[in-house]
Amino acid sequence: MPEPTAAPGVGAGRGTRPVALVLALSLGVTTLSLLQSLVVPALGRIEEQLGVSPSAAGWVLTANLLAAAVLTPVLGRLGDLRGARPVILGILVAVALGTLLIVLTESLPLLLVGRILQGASYGLFPLSISVLRRELPEARLSVAMSVVSSTLAVGGVAGLVATGLLTGDGGDYRHAFWLGLGITLLALVLTAWLLPRRPASARGRIDWWGALVLGMGLVLLLLPLSQGPTWGWVSPGTIGCGIGAVAVLAGWVVLQRRTAEPLVRPAMLTDRRTVVPNVAGVMSGIALFASFLAVLQYVQADPAVTGYGFDASVLEAAVVYLLPGGVVGILLAPFAGRVVGRVGGLPTLTAGAVFGVAGFGLLAGARGEPWLVIVAGLLTQVSVTVAYAALPALVVDAVREDETGVANAVNSIARSVGQALGSTLAVTLIAGSLDPATGLPRALAFTLVALIGAGASVVVVLVALIGLRSDRRGSPHRRHDPLAEVEEATAGAGEWSPVSGVR
């Protein structure tokens with residue numbers, strides 16, 4: 001296909017076919033969320049087929065998460081410096097090789113190697129946002145970012161449904177990964193065909209020392225979050241990792257301040273315009289996994305034994321109780337993007353979080369009928385979809401174009417930390433409330449998990465309102481674009497920002 005050429009900048013590639021480009025990038029990001037979620041319900045089958053303990057099988061999740069934490073900021077910065085197209089293609093090749101290794105191996109160590117390679121997929125989202133910012137005109141950007149971002153939540157539901165279909169009734173866990181491999185290869189072909197070649201948006205070099213220290217700090221942070229239930233929350237390993245994470249990450253900030261070309265500008269981390277979406281990203285990640293895990297386990301409980309639940313199969317739990325939210329998310333994403341473009345990211349984020357408060361409140365206090373749980377799942381899915389539509393717009397609005405990749409990588413890490421924290425809190429509460437008589441969780445555990453999700457949604461509302469209040473006091477979001485700054489200097493202050501929605 002002939003490659004369009006254009007000068008760099010927002011919307012530079014107006015010759016690009018927007019719908020096809022968004023489709024290709026959405027499929028790539030779907031690969032990320034699909035491979036992340038399909039392994040969760042398959043852990044039991046992995047234990048049985050490979051003959052390993054539950055704690056050993058848990059490393060299938062942990063290895064992927066740790067690899068993502070180390071690789072995502074480096075890949076985001078690499079895309080800024082070398083161009084997004086070659087980095088995205090390289091990621092998809094690595095993910096395809098890792099997935100192929102998983103479906104061919106019967107060894108846990110090789111399975112973990114495959115999951116580490118799959119961890120590179122977390123870099124697809126920030127790089128996709130960089131491509132959209134560069135290729136699409138302003139009028140299309142909010143909707144496009146919303147559609148691509150929504151696949152993070154929708155793909156998670158698809159992974160759960162696919163695992164239920166392909167591994168139910170004792171099926172091989174590898175069947176679900178065959179599906180992941182097919183989608184990865186399709187994304188690779190579409191990306192190679194549709195993604196235009198552009199010069200890099202930034203110049204300089206990668207701060208490898210900064211990347212190494214940041215990776216160490218994130219590993220120390222995420223390791224106890226994922227392994228805390230196994231190690232024990234007051235064990236020396238858990239406490240030692242927590243102390244080490246604080247020390248290493250503090251040292252990383254000092255290192256970045258003393259580096260001429262840092263991996264992440266320290267000012268970016270403390271700027272209110274990026275703090276708001278990053279805090280909201282952590283909370284949205286908590287809400288997403290709290291909802292998934294609470295609903296899946298609750299509806300599968302046998303009411304004759306536990307006094308709650310609907311005795312649903314894994315497949316029924318995914319299709320009946322989670323899939324409707326995924327479908328609504330797909331339909332809602334373009335509309336949410338238009339809302340972001342019209343009223344701004346912060347008002348949209350606030351409204352979405354209110355849906356989350358309502359959904360988790362319903363799940364906590366009124367879950368006695370299947371339709372109530374379905375409605376609660378719809379509301380929480382709408383909340384996450386709207387949040388994921390608003391977050392990249394807020395990040396893009398806060399940073400220069402040459403920092404788009406690494407800034408969205410930081411936001412991706414924030415969401416990943418939230419997902420790990422939400423998963424850990426849900427698992428800990430459910431496992432810690434077992435009834436001695438039945439060996440199954442008490443109903444109170446699901447109430448507490450729902451309240452955690454509601455609390456996370458309330459925090460999103462609060463940080464968004466704080467951001468709006470600060471904007472109205474005269475510190476509006478400004479996109480760091482040289483042309484926009486020249487126009488503002490000549491036209492005067494008071495311009496309306498299409499992303500923040502503030503004058």
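User: What is the mean pLDDT of the chain, and what part of the residues scores at least 70?

Analyst: The model is predicted, and pLDDT is the predictor's own confidence in each residue. Here the chain averages a pLDDT of 83, and 90% of the residues score at least 70. Among the elements of the chain, helix α4 (residues 84-104) has the highest mean pLDDT, 95, while helix α19 (residues 482-491) has the lowest, 39.

User: Which stretches have a pLDDT below 50?

Analyst: Residues 1-14 have a pLDDT below 50, and this stretch has 38 contacts in the model beyond near neighbours in sequence. Over residues 475-503 the pLDDT also stays under 50, and there the model has 69 contacts beyond four places in sequence.

User: How should I read the cavities, and how many of 30 Å³ or more are there?

Analyst: A cavity is a space where a probe fits but cannot get out, and in this model the count is seven cavities of 30 Å³ or more. The largest cavity holds about 110 Å³ of space, and its lining includes Leu32, Tyr122, Phe125, Arg415 and Gln419. By class, that lining has six nonpolar, four polar and one charged residues.

User: Which helices supply at least two residues of the lining of the largest cavity?

Analyst: Helices α1 (18-37) and α17 (404-431) each supply at least two residues of that lining, and the largest share, four residues, comes from α17.

User: What is the volume of the second largest cavity, and which residues line it?

Analyst: The second largest cavity has a volume of about 80 Å³, and among the residues that line it are Met283, Ala287, Gly352, Val384 and Val460. Two or more residues of this lining come from each of α12 (272-300), α15 (345-365), α16 (370-398) and α18 (443-472). The lining of the second largest cavity divides into eight nonpolar, four polar and no charged residues.

User: What span does α12 have, and why can it be called largely enclosed?

Analyst: A helix can be read by its span and by its burial. Helix α12 has 29 residues and reaches 42 Å from its first C-alpha to its last, close to the 42 Å expected at 1.5 Å a residue. Because 24 of the 29 residues of α12 are buried, this helix is largely enclosed by the rest of the structure.

User: Is Thr151 buried or exposed, and which residues does it touch?

Analyst: Burial is read from the relative accessible area, with buried meaning under 20%. Thr151, found in helix α7, has a relative accessible area of 11% and is therefore buried. Not counting residues up to four places away in sequence, Thr151 touches Ser26, Val29, Thr30, Ser33 and Gly156. Thr151 and Leu32 are 119 residues apart in sequence and 9.1 Å apart in space, C-alpha to C-alpha.

How values were computed: Residues are numbered from 1 along each chain as its sequence is written. This is a predicted model: local features need pLDDT of at least 70, side-chain atom pairs count only at pLDDT 80 or more; totals for chains, interfaces and linings use all residues. Side-chain values use heavy atoms; hydrogens and water are left out. On a 1 Å grid over the protein atoms alone, a cavity is a set of points where a 1.4 Å probe fits but cannot get out, and a pocket is an open set with protein on both sides within 12 Å along at least five of seven lines; lining residues have an atom within 4 Å of a point. Grid points are joined across faces, edges and corners, and a volume is the space filled by probe spheres set on the points. Ala, Val, Leu, Ile, Met, Phe, Trp, Tyr, Cys and Pro count as nonpolar, Asp, Glu, Lys and Arg as charged, and the others, Gly among them, as polar. The expected span of a helix is 1.5 Å times one less than its number of residues. Buried means under 20% relative accessible area, exposed over 50%, partly exposed in between (1.4 Å probe, protein chains only). pLDDT is the predictor's confidence in each residue, from 0 to 100. Contact means heavy atoms within 4.5 Å.
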